[in-house]
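Me: I am new to this structure and would be grateful for a close look at one part of it. Please begin with the part itself and then place it in its surroundings.
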Amino acid sequence: MPSETIYLDGHIIDSLTMSKVLDIILRDGGEYEIHRFDVGRTRTDPSHAEIEVIASDEETLEQILHVVQQHGATRATGEVTVEPAPADGVFPEGFYATTNLETMVRYQNTWLSVDNIEMDCGIVLALKHSRTTAQVVPVHRIRKGDLVVIGDTGVRVTPPERRDPMDPFAFMGSEVSTERPKELVVSAVVEAMQEAHKAGQKILFVGGPAILHTGVGPHLEAVIRAGWIDVLFAGNALATHDIERALFGTSLGVELATGVPMASGHEHHLRAINTIRAAGGIRQAVEQGILKSGIMHACVTCNVPYVLAGSIRDDGPLPDVITDTVKAQDAMREHVRGVRVALMVATTLHSVATGNLLPASVRTLCVDSDADTVIKLMDRGTHQAFGLVTDCEFFLRELAARLPGVKL
Amino acid sequence: MSHSSPTPNAQHLTPNIEPSERPLRTRRLLMCAPTAYALKYEINPWMSLHNTPDLSLADRQWHELYRVLTQEANAEVTLIPQFPDAPDMVFTANAGLVRGQIAMLAHFRHPERQVEEPHFKAWFEEQGYNVRVPPAGCKFEGEGDALFASDILVAGYLKRSDICAHRWLAQELGIQVLSVELIDDRWYHLDTCFFPLTPDTVAFHPGAFDPYARDVIRSHFQTIEVTFEEALRFACNAVVLGDKVVLPAGCPQLTQALQERGYTVFSVELSEFLKAGGAAKCLALHLPQ
């Protein structure tokens with residue numbers, strides 16, 4: 001619940017100001033906690049109290065704070081300080097570095113909600129339609145003269161709320177464990193996905209090539225075709241091996257139907273890349289009838305946007321892969337707006353990269369056979385993530401089986 | 001001239017004030033003769049541009065008040081000339097709050113009266129006062145909202161003065177300040193509904209205050225409660241000079257209550273100043289030495 005600390009100073013006991021302020025807080029629907037109360041020793045010594053005012057919502061809190069100020073309470077939080085950026089792509093010294101938690105900044109006596117919160121960025125105040133807004137801006141997008149928030153005075157970060165017991169993710173806690181009943185986790189994810197779509201919010205899938213190697217490519221494809229995924233983030237590998245499977249029936253040269261390595265199979269993924277490069281891109285290959293199935297085919301035909309971000313070890317890469325990492329981040333940034341559920345399956349690199357962009361309010365599930373991946377994700381600041389340590393094959397089979405409308 | 005005669009009480013020529021209790025006020029006052037008094041705006045419920053004062057009558061009433069204060073109540077009155085741009089400057093009580101050589105200057109809520117600030121500031125400085133101005137954003141309307149009862153300053157807020165000014169007064173003067181909230185626009189200043197008589201006796205009209213303020217006043221002082229009808233006649237807008245009290249005409253109940261306590265009461269007709277929401281006390285600022 002939103003809260004803010006106020007100070008009361010002066011002859012607040014003799015004047016009954018303290019009682020009055022506390023009564024006002026309760027009368028106007030708030031609660032309080034007295035954190036400090038120093039009573040003046042002599043009659044002319046002023047007293048000092050620090051009171052945390054708590055309300056159910058921002059509007060109520062603001063109303064209470066407005067009234068108690070007229071009776072002598074001062075707000076402990078000051079206003080934000082801003083300084084102009086010294087150059088393009090450079091924050092001013094002492095800039096406030098964001099977290100992925102809901103953040104507000106106080107400017108000209110008003111709390112402004114920081115739009116599109118994302119960790120490790122700065123906050124820029126700007127005038128938009130004659131209204132001041134607070135925007136999260138990554139350092140490379142800063143322009144000289146942008147007004148950047150300095151220090152943490154006037155910045156309020158709302159700690160993650162205690163989980164609603166009705167939240168399907170609630171029972172999981174946020175620790176990494178191999179000891180959880182996995183079916184229950186999958187049920188909870190299904191419920192969360194249904195809730196998200198019911199609320200008109202998006203579901204993001206982030207995947208690695210193990211999905212193909214373990215043979216559950218068709219399951220993910222079916223989940224996409226059933227309309228359950230709204231945006232896909234991956235690298236060159238997932239797309240390449242998906243296309244390899246579509247064109248050759250193999251993943252890294254292993255025949256998926258039999259599990260037997262095929263002769264010259266190790267060349268298949270290179271030939272797949274080459275075919276798509278010749279076609280001009282994945283969409284073009286689908287349109288030309290070259291690519292007829294698979295995850296990427298499902299994305300193109302079902303209009304599910306995807307961002308393929310490159311890495312230094314990529315073969316090819318496919319023409320759709322964004323090799324400039326800053327541009328790839330920006331493309332991902334555009335697509336995380338409105339995401340409510342993020343499923344990160346069998347990829348360390350892309351999970352961490354996506355986690356960096358997500359607000360902490362996004363329900364995030366990280367599935368990996370290696371507990372380290374989940375731990376790494378949380379260590380990088382994505383504390384809201386739930387870890388499910390299991391083979392991605394199990395997870396996707398279960399997910400496809402439990403989601404309504406998925407046809408295999 | 002329309003004023004009732006001074007009403008000394010023959011039975012109590014010496015008021016029953018305890019010997020240990022010093023009279024609260026010094027006898028020095030600042031006043032401003034109404035050479036440019038006028039009703040040119042409406043900033044309180046008493047003011048109406050359709051009910052403007054009779055200026056010649058106002059002049060006579062002011063001079064009668066001056067006479068009573070100086071000749072009957074033995075006050076030493078210093079005058080400040082009125083500036084033509086400041087029609088309410090006659091209400092010198094709002095110029096600031098004086099304690100010793102320190103003048104805590106007013107900062108008015110309404111821009112109409114803010115024009116008075118430089119005139120009073122200049123006067124205080126000429127007189128050698130150490131002038132202090134309220135912190136930015138803090139409104140303070142002088143003795144109109146701050147009255148000493150012995151060493152305790154009772155200070156009104158919310159209508160005209162801000163409570164932040166009380167903290168400023170307490171810190172600058174090293175005194176205890178009791179903040180009391182005013183809740184009725186008709187009694188927009190503390191001195192319209194409250195006045196100290198002795199270090200532990202005050203007169204007040206409870207209806208002008210919120211319940212907390214009433215409790216604060218009753219728990220700190222013995223009280224004389226002023227009726228609604230007399231409070232509307234600005235009975236509390238009284239100048240106390242030792243055992244003499246000067247108040248507006250038409251307040252027989254308070255007059256009697258004061259006389260029973262041994263005070264000599266002088267009533268002065270101040271109808272033309274009531275039209276602007278002021279009476280005896282508003283027209284005089286204490287200059288304690």
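How many residues does helix H10 of chain A have, and how far does it reach from its first C-alpha to its last?

Reply: This is a predicted model, in which local features need pLDDT of at least 70 and side-chain atom pairs count only at pLDDT 80 or more, while totals for chains, interfaces and linings use all residues. Residues are numbered from 1 along each chain as its sequence is written, and chains are lettered from A and ligands numbered from 1 in the order in which they are written.

Helix H10 of chain A, residues 325–336, has twelve residues. From first C-alpha to last, H10(A) reaches 16 Å, close to the 16 Å expected at 1.5 Å a residue (1.5 Å times one less than the number of residues). Helices (H or I, at least four residues) and strands (E, at least two) are DSSP runs, numbered from the N terminus.

Within H10(A), Ala328(A), Gln329(A), Met332(A) and Val336(A) are buried, that is, 20 or more other C-beta atoms, placed from the backbone, lie within 10 Å of their own. These residues lie on the same side of H10(A) because they cover an arc of only 100 degrees around the axis, taken from the directions from the helix axis to the C-beta atoms.

Just after H10(A), Gly338(A) takes a positive phi of about 85 degrees.

Beyond this part, 15 residues of chain A are in contact with 15 residues of chain B, contact being C-beta atoms, placed from the backbone, within 7 Å. On the side of chain A that touches chain B, helix H1(A) gives the most, with three residues.

Methods. Buried ≥ 20, exposed ≤ 12 C-beta atoms within 10 Å, placed from the backbone. Contact = placed C-beta atoms within 7 Å.
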